[in-house]
Amino acid sequence: MTVTARLSSMLEVLDNRHRRRVLSPRRGLDFASNDYLGLAQSPELAESAQHALSRGVPLGSGGSRLLRGNHPEHEALEQFAASFFGAEAALFMGGGFQANQAIFSSLPAAGDLILHDALVHASAFEGMRTGRADTRGFAHNDLADARRVLTQWRTEGGSGQVWVAVESVYSMEGDLAPLVDFATLARDHDAVLVVDEAHATGVFGPQGRGLAHGLDADVLTLHTCGKGLGVAGGLICGPRVMIDTLINRARPFIFATAPSPFNAGLVRAALELLSNDPIWTQQAQDRIAHAHSVAHSAGIAPQALTSQIIPVILGDDASTMAMAARLREQGFDIRGIRPPTVPKGTSRLRISITGNVTKSEISALFETLSRYRKEAA
């Protein structure tokens with residue numbers, strides 16, 4: 001069988017299982033993106049972009065940060081981000097995926113343990129796969145299971161540094177990690193707590209600083225810049241020695257062309273907006289509270305809701321994609337999520353409450369979805 005035939009056969013199998021991914025355009029009201037504050041198309045960031053261009057900030061970096069790619073805009077962003085997020089230092093990278101790869105492949109050493117929640121991002125798993133540390137998962141958000149797994153590792157002779165990896169807001173479940181409890185676990189075992197704040201940055205914490213802000217523990221945080229902040233990139237924030245180690249050892253940093261200085265300037269502008277005016281986070285929380293209320297009233301989400309991500313689990317791949325398509329026909333841009341992104345049998349609509357929709361539009365979505373589900377029952 002030729003390569004073309006083999007790949008075509010693979011795609012046909014995905015088609016038959018309703019799991020083939022395709023690129024589709026934006027259509028209708030934004031209930032699909034991660035633009036939680038509505039900053040991506042905001043006049044405030046557009047004005048910052050025009051100002052950066054007028055100052056002559058380059059659009060491209062031209063090389064890696066360790067060659068000629070380093071620019072004052074990168075350093076200004078990192079200095080501001082470290083102060084904003086309450087860390088000793090920060091490192092700006094091309095994206096959150098790349099940043100997670102850097103963290104987990106470079107900082108934990110051979111003989112260490114990465115103790116991770118079962119539902120951490122795929123990028124964290126990629127970093128662990130190429131790293132040298134032992135890796136063990138625990139049941140999602142289950143502190144008791146995390147303690148059990150850690151104790152078992154110690155009993156088996158594990159003696160290295162422990163790194164506890166969690167997310168503050170989980171991207172497909174929409175639930176929050178019990179970070180105070182995990183901080184206690186980290187303190188009890190002299191562990192480093194690594195918190196992926198991708199879906200919390202801009203939305204949770206004082207002025208959008210994230211849920212890990214102010215935790216009493218040895219914490220390393222990741223703040224992606226292409227979700228709540230409306231731009232692109234990833235910021236790793238933590239002790240300076242860890243940041244310096246990443247600069248010296250992280251292949252995703254060393255061998256990658258530096259992010260655009262222009263982009264770095266826009267990320268700093270987004271953080272300044274949050275720092276100067278709490279209205280951005282307050283409005284996001286207001287939209288979330290309204291969405292939770294109408295979702296419960298419509299019988300869409302009987303489970304507890306805690307964030308801007310509202311999963312509606314339909315189970316079957318085909319019916320999930322059909323429902324998503326039907327909603328898009330009515331002007332609501334919602335995407336279906338299927339395995340392997342989520343476990344088998346838990347295909348779902350992932351409803352994202354963005355900064356690009358109004359309360360009345362949120363109400364209309366849940367009223368329409370409720371009616372469609374009743375018709376399908």
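Contact is taken here to mean heavy atoms within 4.5 Å, and the structure described is a predicted model. In that sense, and leaving aside neighbours within four places in sequence, N141 is in contact with D117, Y170, D175, L176, A177, P178 and F182. The residue lies in the loop between β4 and α7, and, since buried means under 20% relative accessible area, N141 counts as buried because its relative accessibility is 18%. One of its contacts is polar, in that the side chains of N141 and D175 are joined at 3.4 Å.

At the start of α7, a side-chain oxygen of D142 comes to within 3.2 Å of the backbone nitrogen of A144. Within the helix, D145, A146, V149, L150 and W153 are buried; these residues cover an arc of only 135° around the axis, which puts them on the same side of α7. An α-helix has 3.6 residues a turn, so residues three or four places apart point the same way. The covering of the buried residues of α7 includes the strands β3 (113-117), β4 (134-138) and β5 (162-167), together with the helix α8 (179-188). On the face turned away from the buried side, α7 carries the exposed residues A144 and T155. Just after the helix, G157 adopts a positive phi of about 110°.

The strands β3, β4 and β5 also belong to an open sheet of seven strands, in which the order is β2-β8-β7-β6-β5-β3-β4 and the pairing is mixed. The edges of this sheet are formed by β2 (89-93) and β4, each of which has a single partner strand, so that one side of each is left without a neighbour in the sheet. From one strand to the next, the twist averages 20°. Strands of a sheet pair through backbone hydrogen bonds, either parallel or antiparallel. The parallel sense is found between β5 and β6 (residues 192-196), which pair over five bridges, and the bridge partner of A165 in β6 is V194. Helix α5 (residues 96-106) packs on the sheet, where it touches β2, β3, β5, β6, β7 (219-224) and β8 (234-238), and its direction makes about 160° with that of β7. A further helix, α9 (residues 240-249), lies across β2, β5, β6, β7 and β8 and runs at about 30° to β2.

An open sheet of three strands is also present, with the order β9-β12-β11 and antiparallel pairing. Here β9 and β11 (335-337) stand at the edges, and because each has a single partner strand, one side of each is left without a neighbour in the sheet. The twist in this sheet averages 35° from one strand to the next. Six bridges join β9 to β12 (residues 347-352), the two strands running antiparallel, and I309 stands opposite S352 in β12. The antiparallel pair β11 and β12 is joined by three bridges, with R348 in β12 as the bridge partner of I337. Although β9 (residues 309-315) is an edge strand, five of its seven residues are buried, so the strand is largely enclosed by the rest of the structure. Helix α13 (residues 317-329) lies across β9, β11 and β12, running at about 30° to β12.

Strand β1 (residues 29-30) includes D30, a residue that counts as buried because its relative accessibility is 16%. Apart from residues up to four places away in sequence, D30 touches D35, D333, S352, T354, N356 and V357; among these, S352 is also the residue of β12 that stands opposite I309. A polar contact of 2.8 Å joins the side chains of D30 and N356, while the side chain of D30 also reaches the backbone nitrogen of A32 at 3.1 Å. The C-alpha atom of D30 is separated by 27 Å from that of L14, a residue 16 places away along the chain.

Helix α1 is followed by H18, whose phi is positive and near 60°.

How values were computed
Residues are numbered from 1 along each chain as its sequence is written. This is a predicted model: local features need pLDDT of at least 70, side-chain atom pairs count only at pLDDT 80 or more; totals for chains, interfaces and linings use all residues. Side-chain values use heavy atoms; hydrogens and water are left out. Buried means under 20% relative accessible area, exposed over 50%, partly exposed in between (1.4 Å probe, protein chains only). Helices (H or I, at least four residues) and strands (E, at least two) are DSSP runs, numbered from the N terminus. Two strands pair if DSSP finds at least two bridges between them. A polar contact is a pair of N or O atoms within 3.5 Å; within protein, one must be able to donate a hydrogen and the other to accept it, and residues adjacent in sequence count only if both atoms are side-chain atoms. The arc is that of the directions from the helix axis to the C-beta atoms. Axes are lines fitted to C-alpha atoms, for helices over the stretch in contact, and angles run from 0 to 180 degrees between N-to-C directions.
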